[in-house]
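I'll jot down what I look up as I go.

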Amino acid sequence: MSSIKNFYTLPLVLVLMLICCAPLSAQSLEEQIRDLKAELEQKSGEDKVMALKDIGMKFRSIDYDSAWYYIKLAHTEAERQQNDYLVARILVSFGILENGKGNSGQALKYYQDALPAIENSEDHFAIGALYTNMSNAYEKTGEVDKSVAYQLNALKEFEASQDSIWIAGSLNNLGSRYQAVHEWELSGDYFQKALELYQQLGQEYYVALTYNNLASVYLHFKDYEKVIEYSDKSYRSFNALGAPFESASPLYNLGYGYQGMNELDKAKEYFTQALQIQQEKGDWYVAVHLKNDIAKTLLMQGKFQEAENLALEAYDEALEHEIVLAQVELSKTLSSVSESMGKYKDAYGYLQIHKEVLDSLQGLERTKEVLNLKEKYETEQKENEILRQQNELVESELSIKKRNNMLMGSGALLAILLIVGFVVFREQKIKARNMARETALEKAMAEAKAQENLKEQRIRIARDLHDNIGSQLTYLTSITDSAKRGIDKGEVFLMEKLTQMKQFSLVTISELRDTIWAMNKDEISLEDIKERIQQLAATVHEATDDKINVKIEGTPNNKVLNAFVGMNLFRIIQESVNNAVKYSGSEHIEVRFTDFDKMVQIEIEDFGKGFDTSKESTGNGLHIMRNRAEKASIYFNQESIIDKGTKVTLQVKA
């Protein structure tokens, strides 16, 4: 599970969140702001709006209050001029400020409001800048597929505008996006290309930024000396440029570098410095991640109580601010801390939370989409090259035909016949060449489709094994290690551990059987699902000493679903039955199949305590079921009446 940290710890990469303002140079920010203010009095119209915006964007690296002040002045001036395009440019700046404070959802609202006017402007630079900022926001929300899609579109716009610095910026951001889905070598290649281009352009700010991005790649490969070297270069450069807020990210990576070298006091010192900067800036997103890293450092130092207190504080903040990625990390950290303190029940509880939140993110599905987007982009580039060559061929043919027409007008009949013969011969040759090209293209497309099918199968297998088996095996390992350490505590302690190991082994075997059952099928029939539910009912009956009876009613026709829909349908039914067993207090549970013309309905109903649906659930179970249903296009509804029971209704096309 160690790879999870690298996937979700996005603040390691200081992404390019700028946009639509002049690049930073060796001149300090204070000097640049002073010069812009001095020029402001001579500005009017559109120039005045853009000057106010530029001042605000400079201030965001020093003082967010001043940044908001000048961007609001720019917005007021743009509205006074009744210029929709300028208003849209300022809305983008509002989004940048919100995203910088960790409010990515609000940032995306500003970007969406700005999108129509900026796209209609046909200004390649402004469109590319907006796409880049949308990419940054989607990365923070964990929607990496959308993030990569917008960044690839941004690169196209910057290439169209032939703007080298923004092409470099897109390369830098794509390095960040591919890092988020574990394409580390590809990520490093993009960062290196961006660094070389920035160095050629003399852009010291972005050189500093890219040093830090490369440090994060070296961190993955555990080259801690390189991590410290590049992070230190980045930190010193940002300080020399007078950009204290940006210096937080290299401090973060310095902490990781020293943590990897087991110099834990230094690691904690750098993490704490970075945390102070992010708290001053008001970025809750990064601050919560930093608290998690400090808690893990305290755990490594054996300071269990301090680690638990800080991790709980950060977890509450992650829930308050709905930072889902941080909830994944913090639940894992709290599980490790609880285990080290001997609180094994709490450790298992946090591990289950970790698994449930991770399952809801559907991370591997996003990874697949990201890689598909890369292939799509490269295919478009090749198609554009083919079209360019075809246009050249057509122009060449037109030129030949024009010359031939001139000869036909002045030549004899024999010359006309020769020319016609030549044209016919050439057209046949071109036709044969095109047929060969089409045949090769069809073959390549067939091979690509076969590879895509293989890739989807691999990702499906990896997702099921990772989500359903990985966390159980991890906890089994933890219990084994705990038993080894406590072997001298006596027979009662060891029997408790062996009992826990047996329980988790049985759960793991059951989930592995379900996974293999689904993987071996391209399609899953409703009869298959009903049979699996009958097995589940028998297990419940046995596990509760015959106290709880699960009754299955209805006989669905022999309709089939694709494996993805069928597996998700079974998982939702399974979770609904398990919830009824755990919480309803009912001794009777019914699962009813009702067959319609093009649809089947499944109802899972207990007749127990029920619950108040007006109160928001604190667990992740309902969220995960809804998420599964949405992904698989399954209608989902849950209703409950106190003292009468709970009913879950599912409908799926078949």
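Before anything else, a term I need: a residue is buried when its relative accessible area is under 20%, exposed when it is over 50%, and partly exposed in between. I also note that this is a predicted model.

**Entry 1: salt bridges**

How many salt bridges does a search of the whole structure find? I got 17.

I started with Lys291 and Glu317, whose side chains meet in a salt bridge at 2.8 Å, N to O. Lys291 belongs to helix α15 (residues 284–300) and Glu317 to helix α16 (residues 304–320), so this pair, 26 residues apart, links distant parts of the chain. Both Lys291 and Glu317 are buried.

Next I looked up Glu605 and Arg592, which meet through their side chains in a salt bridge of 2.7 Å, N to O. Buried or exposed? Glu605 is buried, and so is Arg592.

Then came Glu603 and Lys647, a salt bridge with its closest N and O atoms 3.7 Å apart. Glu603 sits in strand β5 and Lys647 in strand β7, 44 residues apart, and again distant parts of the chain are linked. Why does Glu603 count as buried? Because its relative accessibility is 14%, and the cut-off for buried is under 20%. Lys647, at 22%, counts as partly exposed.

I also found a network: salt bridges with shared partners join Glu590, Arg592, Glu603, Glu605 and Lys647.

**Entry 2: the strands**

Strand β5 (residues 599–606) and strand β7 (residues 645–653) run antiparallel, and I noted seven bridges joining them. Which residue in β7 stands opposite Ile604? I traced across and landed on Val648.

Strand β7 also pairs with strand β6 (residues 635–641), in the antiparallel sense and over seven bridges. Tyr635 has Gln651 in β7 standing opposite. A reminder to myself from class: side chains in a regular strand alternate between the two faces of the sheet.

Another general point to keep in mind: most residues other than glycine have a negative phi. I went looking for exceptions.

The hairpin of β6 and β7 has three residues between its strands, and there Asp643 takes a positive phi near 70 degrees. Asp643 is placed in the loop between β6 and β7. With a relative accessible area of 66%, Asp643 is exposed.

Where does Gln82 lie? I found it in the loop between α4 (64–80) and α5 (84–100). Gln82 has a positive phi of about 55 degrees, though it is not a glycine. Gln82 is exposed too, because its relative accessible area is 71% and the cut-off for exposed is over 50%.

**Entry 3: a charged patch**

Which residues gather in a patch of negative charge on the surface? I wrote down Glu30, Glu31, Asp35 and Glu39. Glu39 counts as partly exposed, because its relative accessibility is 39%, which falls between the cut-offs of 20% and 50%.

How values were computed:
Residues are numbered from 1 along each chain as its sequence is written. This is a predicted model: local features need pLDDT of at least 70, side-chain atom pairs count only at pLDDT 80 or more; totals for chains, interfaces and linings use all residues. Side-chain values use heavy atoms; hydrogens and water are left out. Two strands pair if DSSP finds at least two bridges between them. Helices (H or I, at least four residues) and strands (E, at least two) are DSSP runs, numbered from the N terminus. Patches are made of residues with over 30% relative accessible area and no salt bridge: like charges are joined within 9 Å, nonpolar side chains (Val, Leu, Ile, Met, Phe, Trp, Tyr) within 5 Å. Accessible areas come from the Shrake-Rupley method with a 1.4 Å probe; for residues, only the protein chains shown count as cover. A salt bridge is a side-chain nitrogen of Lys or Arg within 4 Å of a carboxyl oxygen of Asp or Glu. Lys and Arg count as positive and Asp and Glu as negative; His and the chain ends are not counted. The place of a charge is taken as NZ of Lys, CZ of Arg, CG of Asp or CD of Glu. Buried means under 20% relative accessible area, exposed over 50%, partly exposed in between (1.4 Å probe, protein chains only).
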